[in-house]
Amino acid sequence: MENVTDDIDRILAQWADERPDLDTEAMGVFGRIYRLSRLAGDATERAYARFGIARADFDVLATLRRSGAPFQLSPGALAASMMLSTGGTTARLDRLEKAGLVARSPDPNDRRGILVRLTPEGRAIADEAVTAGLAEQQRLLAHLPPAKRAQIGELLRDLLNGL
């Protein structure tokens with residue numbers, strides 16, 4: 001188990017001892033991605049909690065906020081942007097509407113449709129939460145020089161584009 005530098009290396013070394021026939025390179029890549037995702041997700045979740053919202057709530061608020069003025073979308077467009085089912089979106093919208101962070105109103109261009117919009121309080125929470133979440137993510141990357149951060153971004157983009 002030489003050259004062990006993290007827990008993933010330890011796991012890969014164990015597999016190499018037990019199953020030297022396996023190529024575990026992909027396990028190392030995706031194991032690290034999974035662990036990073038969990039750690040970063042937990043850290044940003046804590047940042048959002050200071051504003052009384054969960055990550056799922058933030059996704060809705062952020063999607064509406066980044067859509068630009070008037071910060072409103074149809075439930076279908078909102079669900080598509082978040083890559084969620086409309087059923088999953090409805091539960092989130094119910095919770096956020098009850099908290100006064102979003103409001104639903106009839107779509108003036110579609111008698112059967114509705115629009116979801118950020119309330120002023122929802123916009124303020126979205127702005128504060130995105131700032132706090134980004135600060136936390138930047139903190140997690142701070143030990144890496146800018147060139148390595150850019151390289152990681154490029155490599156992950158290449159990986160995602162290849163899937």
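Arg104 and Asp94 form a salt bridge in this predicted model, with the closest N and O atoms 2.4 Å apart; a salt bridge is taken as a side-chain nitrogen of Lys or Arg within 4 Å of a carboxyl oxygen of Asp or Glu. Because Arg104 lies in strand β2 and Asp94 in helix α5, the pair ties together parts that are ten residues apart in sequence. Helices (H or I, at least four residues) and strands (E, at least two) are DSSP runs, numbered from the N terminus. Arg104 is partly exposed, at 25% relative accessibility, and Asp94 is also partly exposed, with a relative accessible area of 41%. In this classification, buried means under 20% relative accessible area, exposed means over 50%, and partly exposed lies in between (1.4 Å probe, protein chains only). Residues are numbered from 1 along each chain as its sequence is written. The model is predicted, so that local features need pLDDT of at least 70 and side-chain atom pairs count only at pLDDT 80 or more, while totals for chains, interfaces and linings use all residues; side-chain values use heavy atoms, with hydrogens and water left out.

Eleven salt bridges are found in a search of the whole structure. One of them joins Arg32 to Asp9, with 2.8 Å between the closest N and O atoms. This pair links distant parts of the chain, with Arg32 in helix α2 and Asp9 in helix α1 (residues 7-18), 23 residues apart. Arg32 is partly exposed, at 29% relative accessibility, whereas Asp9 is buried, with a relative accessible area of 17%. Another salt bridge is formed by Arg55 and Glu45, whose closest N and O atoms are 3.1 Å apart. Here too the pair links distant parts of the chain, Arg55 being in helix α3 and Glu45 in helix α2, ten residues apart. Arg55 has a relative accessible area of 32% and is partly exposed; Glu45, with 26%, is partly exposed.

Strand β2, which holds Arg104, belongs to an open sheet of three strands in the order β1-β3-β2, with antiparallel pairing. The edge strands, each pairing on one side only, are β1 (72-73) and β2 (102-107). Two strands are counted as paired if DSSP finds at least two bridges between them. β1 pairs with strand β3 (residues 110-118) in the antiparallel sense over two bridges, and Val116 in β3 is the bridge partner of Leu73. β2 and β3 run antiparallel and are joined by six bridges; Arg117 in β3 is the bridge partner of Ala103.

Gly100 is found in the loop between α5 and β2. Gly100 is partly exposed, with a relative accessible area of 28%. Its C-alpha atom is separated by 7.2 Å from that of Gly122, which is 22 residues away along the chain.

The largest nonpolar core has 22 residues, and those with the most contacts inside it are Ile53, Val60, Leu61, Leu64, Leu78 and Val102. Two or more residues each are given to this core by α2, α3 (55-66), α4 (75-82), α5 (86-98), β3 and α6 (120-141). The most, five residues, come from α3. A nonpolar core is defined as a set of buried Ala, Val, Leu, Ile, Met, Phe, Trp, Tyr and Cys residues joined through side-chain atoms within 4.5 Å.

Nonpolar side chains also form a surface patch of about 380 Å², made by Val29, Phe30, Ile33, Ile152 and Leu156. Patches consist of residues with over 30% relative accessible area and no salt bridge, like charges being joined within 9 Å and nonpolar side chains (Val, Leu, Ile, Met, Phe, Trp, Tyr) within 5 Å; accessible areas come from the Shrake-Rupley method with a 1.4 Å probe, and for residues only the protein chains shown count as cover. At least two residues of the patch are supplied by each of α2 (25-49) and α7 (146-161), with the largest share, three residues, coming from α2. Phe30 lies in helix α2 and is partly exposed, with a relative accessible area of 43%.

The UniProt annotation "domain: HTH marR-type", from an unreviewed entry, covers residues 26-161. UniProt positions are given in the numbering used here, feature names are shortened, and annotations may be inferred rather than shown by experiment. The end C-alpha atoms of residues 26-161 lie 16 Å apart, and the span is 70% helix and 12% strand.
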